Every structure is written in C-alpha cells, then in structure tokens.
Amino acid sequence: MKKLFVIFCLLCSISVYSSDINGGLFFRSHQQPGTIRTRLVLNGGKPIKIENGRTISFDLMLRKEIVWGYVVRIITNTQKNIDLVYLANKKNDRYPAWILNESQHPITQDLTYNKWIPISVKLMPKDNKITFSFGSIQSTQSFDFSGCKNVTIHFGTSGIKNFQVGDVAPINIKNVRVLDNKDNEIYHWELKQHADSICYDLIKQCPAITENPIWLIDNHSSWDQLYKQKIKGNPQITYNSDKNLFYIINGSNQLTVLNPITQKSYSIDNIKGKLASEKNNQITYDPYNHRLISYSLDQKSISVFSSENNSWSGTFTNGMDPAYIHPVYINSLVGKKIKNRSLSK
C-alpha cells in the first residue's frame, strides 16, 4: 500500500477558538518571563481628558491558565489608580476585583473561561463616583476626583513611575472604547488591523502602542504545521468539536488522537472490531451522542467506537470503493440509516 503523509496545517490558535477571528490582543501573562509580557497603552501614552466624565469599555476573555494578575490600570494625573485585577484568597480561590487606590472591591462571580465578557468603567468626576460593570454585575463606588483632569490607561504591564506592575492576567482584549458623558464614541481601538506594535483607533486614528503583542487576527492569516505523520494505507480524519481533538484512523486497529492546542498526540493500538468502511474518509464525530462513527453509505451501515473497550461495534468491513465520496453534511445517524445526505459522485 502506498505510503501517505498526513500533514495537519492548522491555525495556531494559542488557546483561541475559531469564533475569535474578528481581532483582539493576546496578552503574554505572568507565566511568561517578565521581559516578554504584554503591554497595551492607549492614545500613545498621552493623557485622556475626563473632566466632563468618560467611560472606558472593552471586551475581555479569560484564558484557562493560572489566574492571577492585572487586566487594566487607569492612573489619574493626581497619582491615583483604578485597577481591574484577578486575585486569590487564603483558600486559593481566584476572583476578579476592582481596586481604587488601596481599597479592594471583589466581584462575586464564578470565573468564566474562553468567552468574551463586556467590561466598563464609568468615571463621574462631578459626582465623585465610579460605576463599574463586569458582565451583568454592576456597582458604584465613591472616588475623590479632586484635581483630576485626565488619565492614562495601561492594559497588562505598566511602566509608569510609582505604578509599575509586571503580573499580567492570562487574558485577551478587544474593542477598547472611550465614550464621552453622552455615550458618544471618542476612541475605538478594535485591536484588529495593526502595524507591528501599533493599532489605530477608528475615530481619530490615535495610536494604541503595544509591547510583546500577539495579534489574534494574525493567527488566521497564515498556516502553521502542527503535526506530521507517515501512515501506510488510507487514513481517515475527523474532528471532535466537544473536546477540540482530531482523530486519525489508520485501518480498523489503530486510532491516533491529536490535540491542536498542546500539539500532543497519542495512539490507541490493537483495537477490536471493524470499521464500516476503510475507503475514503467515511468517518465522523457525532456531537449529539458524543461518539466516533465509521459509516458506509453503500451498505447503509455504521460502526461506533467505544472508548471504554477500545473497540468498533462493526464486525464486517466494506472493502469496496464507495459509489459516492466526499460526504459534506450528515445531520444525524439513526440505527443503520443515514439521513440528510449531501454527496458528490
């Protein structure tokens, strides 16, 4: 049998899913060496006026790593800080919190991973108040704005004198906006189109400057080879959307499982039972019943893989070339019937 090379050229997701291709900035967190952690400074580091009130909003995604560190630090011209951070209590439970100077205001919400959460900070100097929004949770706190005319805004690390921070939370950020007191946009950094370490806002083309950036959109503009394996015979490949895994089936008795995030794989050998078909790519993952299925359209038969017994349910393999190839959509598999088939001959 002719030797085939199976090469997976998958988008390097860096723990980012395909729904995130609309942009954003991946922050290298506290788990990385300090010299390569990520910083984002709005308005090129220049102060942003707040005298009549301003709202800073953005979308945040928490990655499932060791949760700790800063998200954003807002520093007033009067040397006061307004921070969003992830902290840990004595039981090592992790939680987000707003910090006003030395005053801590925990956010009572379970950690949500790999999902965009809307965040906003409404500065109200005339009322000496700040309203925070973290997803659906909102709170208002008193804050002395005496003498405050402007702020500088740093995401991730901060190098401002007396306000340096190096601990960065494992986050992604996108759609950073600054609104006036009537909720009109003054700045809007999508964190999408960029030039090296600079991204310009959509309103005034003011720069947001980064250090050690990883732009999420770049991970969807080129292909990276994550896996390469030489296989004898006709490999069959399918994807498990529940666990983000690829399956490579090499005949009835071998199955390789690949994680595209960790780039690690393992093989299950000496599998019992038979595939429904060993020709072409007649294999699929059923997300409704969470099972791996080999099928034969000609024989109208299926063989289901059992991870508990490492076996296929089929006892006979259809060795003939199928009359139809490249099935592009299978809605459901019921018994030995395959419904809603769209095929090319």
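Before the structure itself, one definition: a residue is buried under 20% relative accessible area, exposed over 50%, and partly exposed in between, using a 1.4 Å probe and protein chains only. Take asparagine 114 as a case: its relative accessible area is 25%, so it is partly exposed.

This is a predicted model, so local features need pLDDT of at least 70 and side-chain atom pairs count only at pLDDT 80 or more, while totals for chains, interfaces and linings use all residues. Residues are numbered from 1 along each chain as its sequence is written, and side-chain values use heavy atoms, with hydrogens and water left out.

Now the chain as a whole. The secondary structure comes to zero helices and 31 strands. Helices (H or I, at least four residues) and strands (E, at least two) are DSSP runs, numbered from the N terminus. Of the 345 residues, 46% count as buried. Contact here means heavy atoms within 4.5 Å. Among contacts with a separation of 6 or more, 58% are made by residues 24 or more positions apart.

Next, strand 6, residues 69–76. Eight of its eight residues are buried, so strand 6 is largely enclosed by the rest of the structure. Two strands are said to pair if DSSP finds at least two bridges between them. Strand 6 pairs with strand 7 (residues 81–88) in the antiparallel sense, over six bridges. Within that pairing, tyrosine 70 has valine 85 in strand 7 as its bridge partner. The two strands form a hairpin with four residues between them, and glutamine 79 in the turn has a positive phi of about 65°. Strand 6 is also joined to strand 13 by five bridges, again running antiparallel. There, arginine 73 stands opposite histidine 154.

Strand 13 covers residues 150–156 and holds phenylalanine 155. What is the relative accessible area of phenylalanine 155? The value is 0%, so phenylalanine 155 is buried. Phenylalanine 155 and valine 71 are 84 residues apart in sequence, yet 5.7 Å apart in space, C-alpha to C-alpha. Leaving aside neighbours within four places in sequence, the contacts of phenylalanine 155 include Phe27, Leu40, Phe58, Val71 and Ile173.

That leads to the cores. A nonpolar core is a set of buried Ala, Val, Leu, Ile, Met, Phe, Trp, Tyr and Cys residues joined through side-chain atoms within 4.5 Å. In soluble globular proteins, nonpolar side chains tend to be buried together. The largest core in this model has 47 residues, and those with the most contacts inside it are Phe58, Leu60, Val71, Leu84, Phe155 and Ile173. A second, separate core has 13 residues, including Leu255, Ile268, Ile271 and Trp312. Going back to leucine 60, residues it touches include Val71, Leu84, Tyr86, Trp116 and Ile173, not counting residues up to four places away in sequence.

Now a sheet further along the chain. Four strands make an open sheet in the order 24-25-26-27, with antiparallel pairing. Strand 24 and strand 27 (311–312) stand at the edges with a single partner strand each, so one side of each has no neighbour in the sheet. Strand 25, residues 291–296, is mostly covered, with five of its six residues buried. Four bridges join strand 25 to strand 24 (residues 283–286). Across that pairing, aspartate 286 stands opposite arginine 291, and tyrosine 285 stands opposite leucine 292. Strand 24 and strand 25 form a hairpin with four residues between them, where histidine 290 has a positive phi of about 55°. On strand 26 (residues 301–306), strand 25 again pairs over four bridges. Isoleucine 293 has valine 304 as its bridge partner there. In this second hairpin, lysine 300 takes a positive phi near 55°.

Two asparagines also have positive phi. Asparagine 114, with phi near 55°, is found in the loop between strand 9 (103–106) and strand 10 (117–124). Asparagine 175, with phi of about 50°, is found in strand 14, residues 171–179. Its relative accessible area is 18%, so asparagine 175 is buried.

That is the tour: strands without helices, and a largest nonpolar core of 47 residues.
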